Amino acid sequence: MDAVFRKSAQQLCVKAYGSDIVDAWAGEPRPDRFVLGAENGDEQYVLLLKGKIVCFGAINIDKQLLESLFVTPSHAGSGLGCELLKFLVEKATIAGVKVLRLDSSLNAVNFYVRNGFVEQRESEFMSKSGIVLKSVIMERALYK
Ligand SMILES: CC(C)(COP(=O)(O)OP(=O)(O)OC[C@H]1O[C@@H](n2cnc3c(N)ncnc32)[C@H](O)[C@@H]1OP(=O)(O)O)[C@@H](O)C(=O)NCCC(=O)NCCS
């Protein structure tokens with residue numbers, strides 16, 4: 001997951017943030033960021049192709065938050081993000097979440113709009129490694 005996260009950030013988020021910020025955020029391997037997430041109640045899911053992780057995402061039911069969604073760059077634009085997002089939305093709906101929030105990276109805002117999320121306000125996202133990134137808070141109402 002950490003390798004997918006770092007490649008995805010370095011190749012797909014770099015246009016929105018620049019290489020200095022992305023290097024500080026995702027330059028070093030830090031698999032413990034996912035251990036921290038799990039300890040904070042994140043449910044983490046992966047999509048596998050031929051036994052390799054190509055996409056992962058996490059939701060936190062208590063926080064009513066979609067925590068992350070990353071696709072490996074070689075498979076970007078082929079609908080995998082959309083597929084895992086639908087799965088995460090379904091999980092949140094079944095768990096009783098009424099409004100699912102997320103803090104979108106600037107490059108992913110259109111993707112979330114296409115998937116039913118509505119922009120609320122500009123914000124700043126604090127990564128688990130303490131890097132601050134400009135972001136957009138978005139929400140989607142969920143119906144059972
Ligand atoms: C956002 C993301 C999860 C979407 O997943 P996906 O499987 O690529 O989704 P889609 O197939 O629906 O395509 C998404 C976008 O990629 C674009 N795209 C198409 N081919 C592409 C390619 N080869 N490489 C990169 N992007 C491509 C599409 O035009 C589309 O753009 P839009 O959303 O601005 O309209 C994925 O692009 C990603 O991991 N981005 C980097 C990490 C990130 O920002 N995650 C969100 C954190 S909140």
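Leaving aside neighbours within four places in sequence, Leu66 is in contact with Ala58, Ile59, Leu85, Leu88, Leu100, Arg101, Leu102 and Tyr112, where contact means heavy atoms within 4.5 Å. The model that shows this is a predicted one, in which local features need pLDDT of at least 70 and side-chain atom pairs count only at pLDDT 80 or more, while totals for chains, interfaces and linings use all residues. Residues are numbered from 1 along each chain as its sequence is written, and side-chain values use heavy atoms, with hydrogens and water left out.

A nonpolar core is here a set of buried Ala, Val, Leu, Ile, Met, Phe, Trp, Tyr and Cys residues joined through side-chain atoms within 4.5 Å, and buried means under 20% relative accessible area, exposed over 50%, and partly exposed in between, with a 1.4 Å probe and protein chains only. In soluble globular proteins, nonpolar side chains tend to be buried together.

Strand 2 (residues 52-60) and strand 3 run antiparallel and are joined by 6 bridges, two strands being paired if DSSP finds at least two bridges between them. Asn60 has Leu65 in strand 3 as its bridge partner. The hairpin of strand 2 and strand 3 has 4 residues between the strands, and in this hairpin Gln64 takes a positive phi near 55°. Gln64 is a residue other than glycine, and at 34% relative accessibility Gln64 counts as partly exposed.

Strand 3 also pairs with strand 4 (residues 99-105), in this case in parallel and through 2 bridges. Leu66 has Leu102 in strand 4 as its bridge partner. From strand 3 the chain crosses through helix 4 (residues 80-94) to strand 4, in a β-α-β crossover that is right-handed, which is to say that, with the strands pointing away from the viewer, the path from the first strand over the helix to the second runs clockwise.

Phe5 and Phe70 form an edge-to-face pair, 5.1 Å centre to centre and with 80° between the planes. Since Phe5 lies in helix 1 (residues 2-17) and Phe70 in strand 3, the pair ties together parts that are 65 residues apart in sequence. Phe5 and Phe70 are both buried, and ring pairs link Phe5, Trp25, Phe34, Phe56 and Phe70 into a cluster.

Thr93 lies in helix 4, counts as buried at 11% relative accessibility, and touches Leu142, Tyr143 and Lys144 when residues up to four places away in sequence are not counted. Thr93 and Lys144 are 51 residues apart in sequence, yet 6.2 Å apart in space, C-alpha to C-alpha.

Lastly, the chain as a whole can be considered. The protein chain has 5 helices and 6 strands, which follow the pattern α-α-α-β-β-β-α-β-α-β-β along the sequence. Of its 144 residues, 40% count as buried. A compact globule with 144 residues would have a radius of gyration near 15 Å, and the 14 Å of the protein chain agrees with this; the radius is taken over C-alpha atoms, and the globule rule is 2.2 Å times the number of residues to the power 0.38.

Definitions and conventions
Rings of Phe, Tyr and Trp (its six-membered ring) pair if their centres lie within 6.5 Å; planes under 30 degrees apart count as stacked, over 60 as edge-to-face and the rest as tilted.
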